[in-house]
Amino acid sequence: MADELTPETPDEAEEPIKQRKNGLYPGVSDELAENMKSGWADTELTGLTPIPQAAETAARRAALSARFPGERLVIPAGNLKTRSNDTEYSFRAATEYAYLTGDQTHDGVLVLEPTADGHQATIYLLPRSNRENGEFWLDGMGELWVGRRHSLAEAEQLLGIPAKDVRELADALKEATGPVRVVRGHDAGIEAALTDKVTAERDEELRVFLSEARLVKDAFEVAELEKACAATARGFEDVVKVLDKAEATSERYIEGTFFLRARVEGNDVGYGSICAAGPHACTLHWVRNDGAVRPGDLLLLDAGVETTELYTADVTRTLPINGRYTDIQRKIYDAVYQAQEAGIAAVKPGAAYRDFHDAAQRVLAEKLVEWGLVEGPVDRVLELGLQRRWTLHGTGHMLGMDVHDCAAARTEAYVDATLEPGMCLTVEPGLYFQADDLTVPEEYRGIGVRIEDDILVTEDGNRNLSDQLPRRSDEVEAWMAALKG
Ligand SMILES: [Mn+2]
């Protein structure tokens, strides 16, 4: 990457430039500064087509407005986070902000101002760089360095929301009166401007509302989740095709292969890919991905593409690295498959959210008793939760813009609630026999299996959005054989 301005004299080439972010670099001559002000074409865009989800984001803002009448609501996108010096981590807009605006710009802030009959939404953004004062080429956030931004007028056309300069917002918020709430945790500057006016309890109510608002997906969101699943399936196929290269290197080859698909077809991975070969499959959040990939072992791959509009898939397959399950691997795999089948069958409108978890856990407990790993009867095992030594985690969660979507929802709106059409959740039972678990026969140790799909609740049952990928053990083997050619 390029760095800093080219100093104009040889002497200055020896000196590090320390002030790019803070304004004029002292070595810029008056003549050059004057020269850089002019000679640039006007590139303002007009007649822009609104973003595809403009109607949906307007409906979401209307629902938010109805919930908090008479209150000023502040929803920040978040700021860049410094990695070191003048490099930043890649930015991902706060979910609440992107959900309500369709915008993903760092430092943006959505404000809903109370009016007589609802709210007036305004989006505060960094405008195009000033050329008169040299900002565009001398400031670290200048467009010459980071690329052209939309003008405020362009943003208005695209988003359907009046846009203003975000640099004026903090002072305006400090001076404003009346009740106000902010979504915390994304923009320290905005929160500082509101510090005397907000309470943690009231702000939490705003966060909870925006989490629960996302429980039921609209048509745009369902289409995005479909896209995410389709791209993810292609990413899994990519991985199968390069398993020999992973064997020659490490789990990193798998991570990198899936990441390529995520970046080409989407925005990013929706969460750190879990590329867990052999006993690493028993580590639930194995993201170091630096282990060996050995034929004869299983690969547990838990990964999801996040679309350009920030909806993510969350899919797991547990694959035999050499293309064929051993007897013990198949026995465990098929048990998890049966548990997942029972879980998916329990996903339907009107069912309790907990039903799919209970259905899957019962199957797993039955298998553990049948194999003699835990003493029955099954009801006693479930009552005491004894199966959890090997099932470890819940059977699923809501899915959407966040992989663990709607996480701030109240228990009565989520875990203790009833499934409705438009909800999307994962069904992901697993069995994990730690390599050092002396309570199971040696042949079980070091085997971990999870199968995870993304299930949309429909009017009459459910639809598996990730069914492009096979789940049954014999179908997985046939699919791998076809891909490896
Ligand atoms: Mn999951």
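Along the chain of this predicted model, the donors of the manganese ion follow the spacing D-x82-H-x30-E-x23-E. The protein atoms concerned belong to Asp314 (OD), His397 (NE2), Glu428 (OE) and Glu452 (OE), and they lie 2.0 to 2.3 Å from the manganese ion.

Helix H15 (residues 355–370) supplies the largest share of the lining, with 3 residues. The lining of the largest pocket comprises 8 nonpolar, 9 polar and 7 charged residues.

The second largest pocket has a volume of about 390 Å³. Among its 18 lining residues, Thr105, His106, Arg148, Arg149 and His150 lie nearest the centre. Helix H7 (residues 152–159) gives the most to this lining, namely 3 residues. By class, the lining of the second largest pocket divides into 9 nonpolar, 5 polar and 4 charged residues.

Rolling a probe the size of a water molecule over the atoms shows where empty space is left. A search of the whole structure finds 1 cavity of 30 Å³ or more, and the space in the largest cavity amounts to about 60 Å³. Its lining includes Gln53, Thr57, Arg60, Ala98, Tyr99 and Met401. Helix H3 (54–67) and helix H4 (95–101) are the elements that give two or more residues to this lining. The lining of the largest cavity contains 5 nonpolar, 4 polar and 2 charged residues.

An open sheet of 3 strands has the order E9-E10-E12, with antiparallel pairing. Strand E9 (274–277) and strand E12 (315–320) stand at the edges with a single partner strand each, so one side of each is left without a neighbour in the sheet. On average, and with direction ignored, neighbouring strands of this sheet are turned by 10° against each other. Strand E10 (residues 298–303) is joined to the antiparallel E12 by 6 bridges. The bridge partner of alanine 303 in E12 is valine 315.

Conventions
Residues numbered from 1 in each chain as written. Predicted model: local features only at pLDDT ≥ 70, side-chain atom pairs only at ≥ 80, totals over all residues. Heavy atoms only, no water. Donors = N, O, S within 2.8 Å, 3.2 Å for Na, K, Ca; no water. 1 Å grid on protein atoms, 1.4 Å probe; cavity = no way out; pocket = protein on both sides within 12 Å on 5 of 7 lines; lining within 4 Å. Points joined across faces, edges and corners; volume = space filled by probe spheres on them. Helix = DSSP H or I, 4+ residues; strand = E, 2+ residues; numbered from the N terminus. Nonpolar A, V, L, I, M, F, W, Y, C, P; charged D, E, K, R; others polar. Pairing = 2+ DSSP bridges. Axes fitted to C-alpha atoms, helices over the stretch in contact; angles between N-to-C directions.
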